[in-house]
Amino acid sequence: MRIWVDADACPRVVKEILFRAAERLRVSLVLVANQPVVVPRSPHIRALCVSAGFDAADNRIVRELEPADLVVTADIPLAAAVLEKGGHVLSPRGERYTRDNIRDRLVMRDFMETLRSSGMVTGGPPPLSQTDRKAFADALDRFLAGGEAAR
């Protein structure tokens, strides 16, 4: 099992939680980005820099993903592709994307995109709170302990 991170937009605090988990559990962690990402020296952690093309990082993750792998991303279309391939998805806020909830997330994303393209200012997500950080760490721990991977 590997953990893949859509690293371009992943908050630093989430990456740090992932670094500690990869070291503690000796799990392979791969951060994929369109620009260089600094990672700790570790046999378990690596950064993969891809071309700057549209969705290049997402496409690389989906191409190399194995069914038991976990992907950390807030990108809903990437999450849908990962689920389609049999992988698992966790958002940086600790939300588990599943086959049961991804369609609703895609519909909401498309709706918000329509509003933005019509000129409406919708704003972005709020900053990551301490509660969000804890939710992510707890969800990651549950997944890695095996309680979530089977779902």
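Select helix α2, residues 56–64, together with helix α3, residues 76–84, in this predicted model. Their axes come within 10 Å and cross at roughly 10 degrees. Angles under 35 degrees count as roughly parallel, and α2 and α3 are therefore roughly parallel to each other. The crossing in which α2 passes α3 is right-handed.

Now show the side chains between the two helices. On the α2 side, pick Asp 58, Ile 61 and Val 62. They meet Leu 78, Ala 81 and Val 82 of α3. By type, the residues of this contact divide into 5 nonpolar and 1 charged, with no polar residue.

Next, go to the largest nonpolar core, which has 25 residues. To find it, select Ile 3, Val 5, Leu 18, Leu 29, Leu 31, Phe 136 and Leu 140, the residues with the most contacts inside this core. Then colour the elements that give two or more residues to it: β1 (2–6), α1 (12–25), β2 (28–33), β4 (70–72) and α5 (130–144). Helix α1 supplies the largest share, 6 residues.

What is Ile 3 in contact with, leaving aside its neighbours within four places in sequence? Select Leu 18, then the run of Val 27, Ser 28, Leu 29 and Val 30.

For the last stop, select Val 30, Val 32, Val 71 and Val 82. These are among the 18 residues of another core, which lies apart from the largest one.

Conventions. Residues are numbered from 1 along each chain as its sequence is written. This is a predicted model: local features need pLDDT of at least 70, side-chain atom pairs count only at pLDDT 80 or more; totals for chains, interfaces and linings use all residues. Side-chain values use heavy atoms; hydrogens and water are left out. A nonpolar core is a set of buried Ala, Val, Leu, Ile, Met, Phe, Trp, Tyr and Cys residues joined through side-chain atoms within 4.5 Å. Buried means under 20% relative accessible area, exposed over 50%, partly exposed in between (1.4 Å probe, protein chains only). Helices (H or I, at least four residues) and strands (E, at least two) are DSSP runs, numbered from the N terminus. Contact means heavy atoms within 4.5 Å. Axes are lines fitted to C-alpha atoms, for helices over the stretch in contact, and angles run from 0 to 180 degrees between N-to-C directions. Angles under 35 degrees count as roughly parallel, over 145 as roughly antiparallel, 65 to 115 as roughly perpendicular and the rest as oblique. A crossing is left-handed if the near helix is turned anticlockwise from the far one by less than a right angle, and right-handed if clockwise. Ala, Val, Leu, Ile, Met, Phe, Trp, Tyr, Cys and Pro count as nonpolar, Asp, Glu, Lys and Arg as charged, and the others, Gly among them, as polar.
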